[in-house]
Amino acid sequence: MGRTHRLRPLPRSLILLVAASSCGSEFTNETPPPPEGTVPVALEEVAAGLAFPLYLTAPPDDPRLFVVEKGGAIRVIKDGALLPTPFLDLAGTVSTGSEQGLLGLAFPADYATTGRFAVHYTDAAGDTRVSTFLASADPDLADPATESVVLTADQPFANHNGGQILFGPDGYLY
């Protein structure tokens, strides 16, 4: 049998000492200058008018940005502007309760030639579904009739449904 170890609480004075030493030598409200060699970071609004955006991605070697909205739409930002028509709208087939919705989007390396992409969403019954679709003749619109279901999984609860999907360098969907 393995040994059982009991953890002893740390003395309060030691906790305060560690906390104080991690704050630097001076206690001020001033923002310290950035370390040398760093690049300043700033937030910049890329698009307005999105409804509950969850994920942003782009196909390989494609200047467009694709935004996944929880309610079921994939929106395209092209040349700095949000296109008025969704790339794909699954609003009628997506459940949006709790942590459900349209949760993931992935483009394979050969998207430019095949037009095939994958999505992960919670269907109307609350279950997980991963499907592939094809872009239409208009590259800014997908064809919803091309859905090919890759995976379905019963979900016993409305939370912890996950979402991230990716194509690996081996071409497989993960």
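1. Two strands pair if DSSP finds at least two bridges between them, and strands themselves (E, at least two residues) are DSSP runs, numbered from the N terminus. With that in hand, look at E2 and E3: they form a hairpin with three residues between them. Gly 72, in the turn, has a positive phi of about 120°.

2. A word on the source before going on. This is a predicted model, in which local features need pLDDT of at least 70 and side-chain atom pairs count only at pLDDT 80 or more, while totals for chains, interfaces and linings use all residues. Residues are numbered from 1 along each chain as its sequence is written, and side-chain values use heavy atoms, with hydrogens and water left out.

3. Now follow the partners of E2. Strand E1 (residues 53-57) runs antiparallel to E2, and four bridges join them; Pro 53 has Glu 69 of E2 as its bridge partner. Four bridges also join E2 to strand E3 (residues 73-78), again antiparallel, and here Phe 66 is partnered by Val 76.

4. Is E2 enclosed or open? Four of the five residues of this strand (65-69) are buried, so E2 is largely enclosed by the rest of the structure. Buried means under 20% relative accessible area, exposed means over 50%, and partly exposed lies in between (1.4 Å probe, protein chains only).

5. Next, the largest nonpolar core, which has 18 residues. Such a core is a set of buried Ala, Val, Leu, Ile, Met, Phe, Trp, Tyr and Cys residues joined through side-chain atoms within 4.5 Å. Among the residues that touch the most other members are Ile 74, Leu 105 and Phe 117. E2, E3, strand E6 (102-106) and E7 each give two or more residues to this core, and E7 gives the most, with three. Leaving aside neighbours within four places in sequence, Leu 105 is in contact (heavy atoms within 4.5 Å) with residues including Tyr 55, Phe 66, Ile 74 and Ile 165.

6. How many aromatic pairs does the structure hold? The count is six. Rings of Phe, Tyr and Trp (its six-membered ring) pair if their centres lie within 6.5 Å; planes under 30 degrees apart count as stacked, over 60 as edge-to-face and the rest as tilted. Phe 87 and Phe 117 make a tilted pair, 5.1 Å centre to centre with 50° between the planes. Phe 87 lies in the loop between strands E4 (81-82) and E5 (88-89) and Phe 117 in strand E7 (residues 116-122), so this pair ties together parts that are 30 residues apart in sequence. Ring pairs link Phe 66, Phe 87, Phe 107, Tyr 111, Phe 117 and Phe 133 into a cluster.

7. Finally, the charges. A salt bridge is a side-chain nitrogen of Lys or Arg within 4 Å of a carboxyl oxygen of Asp or Glu, and by this rule there are four salt bridges. Arg 64 meets Asp 62 at 2.7 Å, N to O, and Arg 64 also bridges to Asp 140, with the closest N and O atoms 2.8 Å apart. The second pair links distant parts of the chain: Asp 140 is in the loop between E8 and strand E9 (142-153), Arg 64 in the loop between E1 and E2, 76 residues apart. Arg 64 is buried, with a relative accessible area of 9%, and Asp 62 is buried at 18%.
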